[in-house]
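Subject: Model handover, chains A and B

Hello,

Please find the structure below. My notes on the contact between the chains follow it.

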Number of protein chains: 2
Amino acid sequence: VVESWSFLDTVESNFRPLVVIELAKGTKEETIEWFTKRIVDKKANGGAQLLIKPLVMENGIENIYLVGASHLRLLLGAETVGLVKECSDNSMRTFTYSSRKTFKDFADDNHNFLTMAECQYIIKHELENLRAKNEKMIPGYPQAKLYPGKSIVRRLLTSGILVQIFPLHDREELKKLRHSWYGRVKVGYQPLDDIRCYFGETIALYFGFLEYFTFALIPMAVIGIPYYVFAWEDYDKYVMFATFNLLWSTVILEVWKRICAILTYRWGTLLMKRQFEEPRPGFHGVLGINPVTGREEPVYSSLKRQLRIYLVSLPFVCLCLYFSLYVMMIYFDLEQWALDYHKENETSFSSLMLYVPSIIYAVVIEIMNRIYRYAAEFLTSWENHRLESSYQNHLILKVLVFNFLNCFASLFYIAFVLFDMKLLRQSLATLLITSQILNQFAESLLPYWLQKRYNRRMKKRMCSQKTDTDLSIAEQVNMEKEMGTYLGTFDDYLELFLQFGYVSLFSCVYPLAAVFAVLNNITEIYSDALKMCRVYKRPFAEPTANIGVWQLAFETMSVISVVTNCILIGMSPQVDALFPDSKMDLVLTVALVEHLLLAIKFIMAFVIPDKPRDIQMKLAKLEFESLEALKQQVRAFQMQL
Amino acid sequence: VVESWSFLDTVESNFRPLVVIELAKGTKEETIEWFTKRIVDKKANGGAQLLIKPLVMENGIENIYLVGASHLRLLLGAETVGLVKECSDNSMRTFTYSSRKTFKDFADDNHNFLTMAECQYIIKHELENLRAKNEKMIPGYPQAKLYPGKSIVRRLLTSGILVQIFPLHDREELKKLRHSWYGRVKVGYQPLDDIRCYFGETIALYFGFLEYFTFALIPMAVIGIPYYVFAWEDYDKYVMFATFNLLWSTVILEVWKRICAILTYRWGTLLMKRQFEEPRPGFHGVLGINPVTGREEPVYSSLKRQLRIYLVSLPFVCLCLYFSLYVMMIYFDLEQWALDYHKENETSFSSLMLYVPSIIYAVVIEIMNRIYRYAAEFLTSWENHRLESSYQNHLILKVLVFNFLNCFASLFYIAFVLFDMKLLRQSLATLLITSQILNQFAESLLPYWLQKRYNRRMKKRMCSQKTDTDLSIAEQVNMEKEMGTYLGTFDDYLELFLQFGYVSLFSCVYPLAAVFAVLNNITEIYSDALKMCRVYKRPFAEPTANIGVWQLAFETMSVISVVTNCILIGMSPQVDALFPDSKMDLVLTVALVEHLLLAIKFIMAFVIPDKPRDIQMKLAKLEFESLEALKQQVRAFQMQL
C-alpha cells in the first residue's frame, strides 16, 4: 500500500496532498467517477480544477481521496477568496494574481508564499463552491436531488455519501509548533503568528484572547490575594477593590478591541471583504426564487420559522430555566440538611460534608449545561435558519441565557434573597473550582487519554515503531480520520465567559476568584493547545476579524457586574455602619454611585477608540488609495471625451 | 444691465446660470483672469471645465460671476461625486456616464435628469476641487500662499478675495414648492421629495424628522390632555403615563431609523459612498507630509490640539457651566422674592408677578445659549481641527453639554433638591413656552420681517412693479446676494432636542408639555419653511444618509428620562402612600423598576432592526450583484490562463 502511494508521489512530483475526502463505504462507481471528474474539470466547464488521487487502503477499498492543487491554481484561488497579504512596502493588500510581484516573499518558485492552512482553506472554498449545472440528482442516488447552483459537496454531505472532508496535518510543522507552543516550560507569550499560520485566524484569535484575558486578570488576582490573606474586610478597601474591578473590566474589554485590530490587521483579515453568505448545509425548503440573488434555491417561509421560534423554542427554553431553578431549590434543601447534620454531630467529617452539596450541585450544573447544549443545537437546527450566522446567533443566545441562569441563579439567590455572605463565598468558591476541574478533565485530558490509547493500539496493529513524523501518508490519513472533530471555539469562549461571570459578578465578596481564574487559564492554554495538536483532526482555517458576538456578551456581563457589586457593597455591614440613622440615605447613595459608575463605563467605552491610531491611519491610507484609483479611472474616461 | 445679460443669454442659449460667485470689490484684474481661466480650463489642464459669465451691475463694477456647465459636463460630474439615481427597473444604482441609458427618465436631450440642486452640488464640488498646480500664491496676492493640491476656492475664501459662493434660486420651482409646502392650509404630509429636489437631502431630512417627531408626539399629547383636564393624580395613572412615555420614546427613535432608511434609500444617499474628507477651510499649520495621502499639506500636531482642548476649552466650558449654575441660583432668589411679595400683598398683580422670575430666567437662558454658541464656535475653530467632521463633533459636544445644563439644571434642582412639584410644573411650563415663543420669533419671524422690508425697499429703488418670477437675473442676483446665509440644521435640531428634553425628562409631572410641543412643531414647520424659502439664500444641497450625531443625542436623552421619571414617580405622594411602613421598600422597588425599564429599552433597541426588511433585501441584492461582478472578472481572468 505504502509503495503504491509513493509511486504516485514520485510520478507527479508537484502533487502535495492537502485535504482528505472520505466517501461512504460502498459508494457507487458512477458517483465517484462523476464527483472526481467535477473536481478535476476545468473552471470553464464548471469544475474546480483541482488535483485528486485515490488512496488505496490495506483492505483494498478505495473510499479515501487526497485533494491537492497546482501552485498556480492556489494563487488564483487566493484571489477568489480575497486573501489579504503583506506587500513589499509592508502595507497589507488584497492579493491579486496580476499584482503578485508586489507582494513580500513572492517568487514564482516559492511554494511557501501561501501557508498550508491558507491552501487548505482555498481548496475547501473551491470544493464548497462546486455547483450543480444541469444535474437533477447525484448520479446513482436519485433521492439526492440537485438543482442548478446547489453546492454539490453540501448535498453529498447531507445525503451521507460524503462522510467527511478534513485538512491533513503537517507533521513537520506541527512538531515545531508544539515545541514552541507548549513543548518547553517557559515564561512568555504564545507563538500566535505560528498558531495562525497552522490553524487559521479564528483559533489563533481565541488563544490570543485567552492569553490577553489571563494577563488582564493578573492585576485583579494580585490585588485580591492580600484581601484573602489579611482578611481585609474594611469598607473602604472593599469599595476600592470593587471600583477598581469594574473600571478595569471595562478597560480590558475596550483594549482587547484594539489588540484584536492589531492582530487581525497583521494577519490581513481586518481588511478582508465579507463573502456573500450561501445557505447553510442543513437548510431545507421547497424550491423557489431567492429575491436577492434571483436564483432558484430552497426557500422557507419566515413566518413558519417565527412560529417555531416563539411557539416551541421559547416555551422550551423557559421550561428549561424553570427546571434549572427547581434543581437549585433542591440544592438549597441539601445545603440545609448538611448544615443540620453538622450541627447535630460536629465532627471533621460533618464539616467536610458541608462542601458536598455545593460540589454535587456544581457537577449537576455542568451536566445540565451539556445536555441543554445538545437540546439547543437540535432546536436551532429545527428552526431551519437559512444562514449560518443567523443559526449561530440563535444558538448562542439560547445557550448564553440558560448557562447564565444555571450557573449564577443560586449565587444571586444566596446574595440577594438569603443575604448570606458566608454561604455566597463558599458556594462561589466550590462552583468555580469544581467547574474548572470538570471542564479541564472533560475537554482535554479525557479525550487526550482516549486518543493516546487509540494511537498506541493502531501503531501496535501496524507493527511499526516509527515516530509520528516518519509515518507514510496512508498511515497518517488512517490515523487522523479517526480523530475527533474540533467543533469550533464556541465551548471554549463559553467557558471563559462563565469564568468572567464568577470573577466579576461577586468580585467584592470573593477576591480570590481572580487568582483561581488566572491559575485555570494558564493550564487551560496548555490543555487547549494539547487538544488542538494531539486530540483533534486539524480544523480548516477560518478567517475572522474579531471575536464577534462574544465581545458583546462580555460587555453585557461587565454591565451586570456593576449592578451586582454596587448592591453587595451597599449590603456589607461596614457600609451599613456608615449610615446609622437612615437606611434611605444608604440606598440612595448606592443607587447614585451605581449610576455614576455606569455612566463612566459608557463614556469610557465611547472615548477609547476601537482601533489604535496607526491602524486607523493605515486603513485611511488604503481607503484613500482606492478612492484615488476610482477617481483616476473616471478622470481618464472624462479626458477621452 | 438687463439687456447685456439677456444678450449673453441668447447668444449662448445653453448657458443656464446655476451658481453665483461674488468677489471682493477691487479684486485685481490678474487674479480674476487667472481664476476664471482655471474655472473654464479643460480637465486635462487641471481646470474645472465649467462655464462662467460676468454679471455687469448698474454701477459698472464687475465683481459678480455666474457659473454654469454644459449638460455633458454635469453628467460627468454626477459620476465624479458618486450620485445614486433610480434605474429603469426601479433599483437604485450609482450613476456612471457609460451606463446612463439604463437610468429612469434619462434621455440625451432631457436636461431635467439631474435636479437643479444636484447640478449646483456638482458645480460646488468641482469648484472646491479646483486645486493649485505649481502656483506658489494667488496671482496678485503674494500673501495668499498656495501649494500643489491646495483647494483654490478655499484659499480665496480664507484670504477674503472671494466673498461668497451661493446657488441661485429657481423662482418658478420655488413658487410651486412654496405653494405645495405651506401655501395653502391643508392637513397632510409635507412634500418631502420636492423639498429634497430643491434643497437637498440634509434639509429634507430635517423637515422629515420634524414632521415625524410631531406625529410621534401626538399620542403623548392626546393621552396628556385628560391628565390636565381631569387633574388625574392617581398613582396608577401616572405610572401608566410615564411608562408609556418611556417605551414610546424608545420606539419612536428606533422607528425613525427605519423611516430614515426608507427616505434616504429612495433619495439614493443611503447607497452613496463616502468621499475622502479634505481638510476644512479654516485649518492651518506648517507645510508637511500627510501620512495618509502622501501629499504636501499643512499639518498640525495632535498634541498641541489636545493641549488646547484640555487646558483651555475644557476649563472654559466648566467655567461657563459654573456661571450658568450661578445664574440659576439668582433665579431662585428672585423666585423667593416674588413668593414673599405675593404673600405680603395678595393681589391679582402679585399672583401674576409669580410668573415673572421664570419668564426672565427663560429669556436669560436663551440669551446665554446664544452667546455660548458663539464662544463654542470660536473655541472649536481655534482648536484647529483638520476635518470638518471632527470640528462638528467637538462643537456639538460643547454646545449640547452646556445647553442641557443651562436649560434643565433649574428643573433638576427644583425636582430633586427642593422637592417642590408645584414649582417644577410651573417652571417647566414657563420655560418651555417662553423658549418656544422666543425661538420662533428670533429664528423666523424677525428675519422674515427684516427681509421683507429690505425687499420692498429694493424694489422701490428699482422702480419696478414686477412680481418675483418676472425679475431679471441681475435683479435676482442682486436681491439674493444680500439675503442671510442659512448656517445649517444645527440650531433647528438643537431646538428639537431641548424640546424633547422638556417633554420627556419630567413628563409625568407635566403631561401637557407634549401638547405644547405638538402645537409648537406645527407652527415650526411653517415658520422654518418660510425661513428656507423667503429669508435665506438658497443653501447648497448636502447629501446625507441619516441625522448623524443627533440620533445618539436623542437616544441619550431618552435614557436619562427613564431615570428622572422613575425618581419622580417614586417621590409622588400616591406611590409613597403604597409603602406606608418602609421607605426602603419604596426606594428598592423604584430602583428595580428603573433597571427593568432600562433593560427593556436596550433590548428593544437591539431587537428592532434599523432598516426595514425590503430595504435590507434591496441592499443585499446590490451587494450580491457587486460581488458577482467581481467574481465574473476573476473568473474571466482565470479562464484566459
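A salt bridge here is a side-chain nitrogen of Lys or Arg within 4 Å of a carboxyl oxygen of Asp or Glu. By that criterion, the count between chain B and chain A is zero. Please bear in mind that this is a predicted model.

Polar contacts between chain B and chain A come to two residue pairs, both at pLDDT 80 or more. On the side of chain B that touches chain A, the residues divide by class into 20 nonpolar, six polar and nine charged.

As for extent, 35 residues of chain B are in contact with 35 residues of chain A. The area buried between the two chains is about 3600 Å², and carbon and sulfur atoms give 72% of that.

Which helices of chain B each supply at least two residues of the side that touches chain A? They are helix H3 (71-81), helix H18 (549-571), helix H20 (583-607) and helix H21 (613-640). H21(B) gives the most, with eleven residues.

On symmetry: chain B superposes on chain A by a rotation of 180 degrees with 0.0 Å of shift along its axis, at an RMSD of 0.1 Å. That is the relation of a two-fold axis. Both copies use the same surface, as 100% of the contact residues of chain B recur in chain A. Of the residues of chain B, B:Met584 comes closest to the rotation axis, with its C-alpha at 2.9 Å.

Regards

Definitions and conventions: Residues are numbered from 1 along each chain as its sequence is written. Chains are lettered from A and ligands numbered from 1 in the order in which they are written. This is a predicted model: local features need pLDDT of at least 70, side-chain atom pairs count only at pLDDT 80 or more; totals for chains, interfaces and linings use all residues. Side-chain values use heavy atoms; hydrogens and water are left out. Contact means heavy atoms within 4.5 Å. Buried area is the accessible area (1.4 Å probe) that two parts lose on being put together, summed over both. A polar contact is a pair of N or O atoms within 3.5 Å; within protein, one must be able to donate a hydrogen and the other to accept it, and residues adjacent in sequence count only if both atoms are side-chain atoms. Helices (H or I, at least four residues) and strands (E, at least two) are DSSP runs, numbered from the N terminus. Ala, Val, Leu, Ile, Met, Phe, Trp, Tyr, Cys and Pro count as nonpolar, Asp, Glu, Lys and Arg as charged, and the others, Gly among them, as polar. Copies are superposed by least squares on the C-alpha atoms of residues with pLDDT of at least 70 in both.
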